[in-house]
Amino acid sequence: MDSSDKLFNRQRSLHQILGGGFVADVVLWRRKDVTVGILVVTLFAWVVFEISGYTLVSLVSSVLFLLFAILFLWAKSAAILNRPAPPLPHLYLSEEMVNEAAYFIRNHINMILSVSEDIALGKDTNMYVKVSTGLMLVSVVGGLTDFLTLGYTSLVVVLTIPALYEKYEDQVDAYVLMVYRKLWQLYHKFDAVCVNKVPILSLEKKKLS
């Protein structure tokens, strides 16, 4: 399929758009064992949360408490019985790792602040529409379900929709582009029949153009 027949006239594959690395392989099921493992573990965690009534904070606290208790007793008994201590790696954050994380976080925060400033000052109408639509969608979906279920559902969507799209890419692109062209034709008809016949709207349109 020619690039003009693809969504957004893109010339790169979906794998390349997703970064072409390990994450792209997992999302597109190139590493099926990892993808299936993530889905199974998250499903198990979701079931545990739903059945047990645990919250994330309480579960993490309980797991850490149990882990530290086991390691502490193991180390003490090993010292008494002249046995080796628990095989723990050296827990240490290097300055390079901290700087890389800080650089990554700073860049993304600055990008968000820049977009927010453009929206607040009315410089980017398209971005305002996208952000507003996204926030409204999140608000509606968030009102219908809890955060845990929403997170699990979002993960399932991320790990299934891109893979299905890659498999049926040509058919999906052709259908979406056909719908887009139909909607564009309807917009032009509406513009010619309604907007241009209303003096105020026609004048406003000329000013914007």
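A pocket, on a 1 Å grid over the protein atoms alone, is an open set of points where a 1.4 Å probe fits, with protein on both sides within 12 Å along at least five of seven lines, and its lining residues have an atom within 4 Å of a point. In this predicted model, local features need pLDDT of at least 70 and side-chain atom pairs count only at pLDDT 80 or more, while totals for chains, interfaces and linings use all residues. Residues are numbered from 1 along each chain as its sequence is written, and side-chain values use heavy atoms, with hydrogens and water left out.

**The largest pocket**

The lining of the largest pocket consists of Thr42, Ala45, Trp46, Phe49, Leu56, Leu59, Phe147, Leu148, Gly151, Tyr152 and Leu155. Two or more of these residues come from each of α3, α4 and α7, and α7 contributes the most, with 5 residues. The volume of this pocket is about 230 Å³, where a volume is the space filled by probe spheres set on the points, and grid points are joined across faces, edges and corners.

**Overall architecture**

The protein chain contains 9 helices and 0 strands; helices (H or I, at least four residues) and strands (E, at least two) are DSSP runs, numbered from the N terminus. Of its 209 residues, 13% are buried, a term that stands for under 20% relative accessible area, with exposed meaning over 50% and partly exposed in between (1.4 Å probe, protein chains only). Contact means heavy atoms within 4.5 Å. Among contacts between residues at least 6 apart in sequence, 50% join residues at least 24 apart.

An unreviewed UniProt entry places the feature "transmembrane region" at residues 34–49, 55–75 and 135–165. UniProt positions are given in the numbering used here, feature names are shortened, and annotations may be inferred rather than shown by experiment. Two of the annotated segments are described below.

**Helix α3**

Helix α3 comprises 21 residues (residues 32–52), which should span 30 Å at 1.5 Å a residue, and its end C-alpha atoms are 30 Å apart, in agreement. The expected span is 1.5 Å times one less than the number of residues. Thr35, Leu39 and Phe49 are the buried residues of α3. They lie on the same side of α3, because they cover an arc of only 100° around the axis; the arc is that of the directions from the helix axis to the C-beta atoms. On the other side of α3, the exposed residues are Asp33, Val40, Val41, Phe44 and Ile51.

The packing partners of the buried residues of α3 are α2 (22–27), α4 (56–81) and α7 (147–167). Thr35, in helix α3, is buried with a relative accessible area of 0%. Apart from neighbours within four places in sequence, Thr35 contacts Val26, Trp29 and Leu159.

**Positive phi values**

Most residues other than glycine have a negative phi. Trp29 is not a glycine, yet its phi is positive, near 60°. Trp29 sits in the loop between α2 and α3 and counts as partly exposed, because its relative accessibility is 27%. Asn82, also not a glycine, has a positive phi of about 55°. The loop between α4 and α5 (95–120) holds Asn82, which counts as exposed at 71% relative accessibility. Just after α3, Gly53 takes a positive phi of about 80°.
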